[in-house]
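Open the model in your viewer and keep the selection panel at hand.

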Amino acid sequence: MELDETDRAILRILQEDARTPFSEVARRIDMSSATVHDRVNRMEEAGVIEGYHASVDPKAVGYGVSAFVGLRVEQGREEDALERLREIDGVCEIHLTTGEWDVILKVVAADTDSLRELMFESVAEMEGFSRSQTMIILGTDYEADGPPV
């Protein structure tokens, strides 16, 4: 789907606050609510807009520690290993990468003891991984709500 500048303006507004009423989006871009509604529906159907969600602060729900985990996957074990990673509580993101690590996870845990348990009793016990490195996130300076549009 080819996006024009109006579509991009709608996306920027919705990325900033997905709960913005279409009437407000329409007012800000000088267009009718019906047209905004049609454009949003079209972008949803085309997969440009993948969904709407609440952004939850991990600390507010009991996760005081976040970390990135680099994993080296044994050749030929990728699909099985990825499937098992999806089942681990605390794994928030799984990224396939190039470079030193085949997979980088983002994980959350209540505290460092819980993180240690997650790593040593869940991830390290799995077959298919030859090496790992855990990098505790000390803070996040910037996190975008999505790609620039």
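Select T6, D7, I10, L11 and L14 in α1 together with V36, R39, V40, R42 and M43 in α3: these residues meet, contact meaning heavy atoms within 4.5 Å. By class, this contact of α1 with α3 has 6 nonpolar, 1 polar and 3 charged residues. Ala, Val, Leu, Ile, Met, Phe, Trp, Tyr, Cys and Pro count as nonpolar, Asp, Glu, Lys and Arg as charged, and the others, Gly among them, as polar.

The model is predicted, with local features needing pLDDT of at least 70 and side-chain atom pairs counting only at pLDDT 80 or more, while totals for chains, interfaces and linings use all residues. Residues are numbered from 1 along each chain as its sequence is written, and side-chain values use heavy atoms, with hydrogens and water left out.

Now show the axes of α1 and helix α3 (residues 33-45), which come within 11 Å and cross at roughly 85°. Axes are lines fitted to C-alpha atoms, for helices over the stretch in contact, and angles run from 0 to 180 degrees between N-to-C directions. Helices (H or I, at least four residues) and strands (E, at least two) are DSSP runs, numbered from the N terminus. α1 and α3 are therefore roughly perpendicular to each other; angles under 35 degrees count as roughly parallel, over 145 as roughly antiparallel, 65 to 115 as roughly perpendicular and the rest as oblique.

Next, select helix α1 (residues 5-16) and helix α2 (residues 22-29), which pack at about 130° with axes 10 Å apart. That angle makes α1 oblique to α2. On the α1 side, pick T6, A9, I10, I13, L14 and E16; on the α2 side, V25, R28 and I29. This contact has 6 nonpolar, 1 polar and 2 charged residues.

Move to α2 and α3, whose axes come within 8 Å and cross at roughly 105°. α2 is thus roughly perpendicular to α3. F22, S23, V25, A26 and I29 of α2 touch S33, V36, H37 and V40 of α3. Here 6 residues are nonpolar, 3 polar and none charged.

Finally, zoom out. The domain assignment, automatic or from a database, gives domain 1 (5-46) and domain 2 (58-137). Their centres, taken over C-alpha atoms, are separated by 37 Å.
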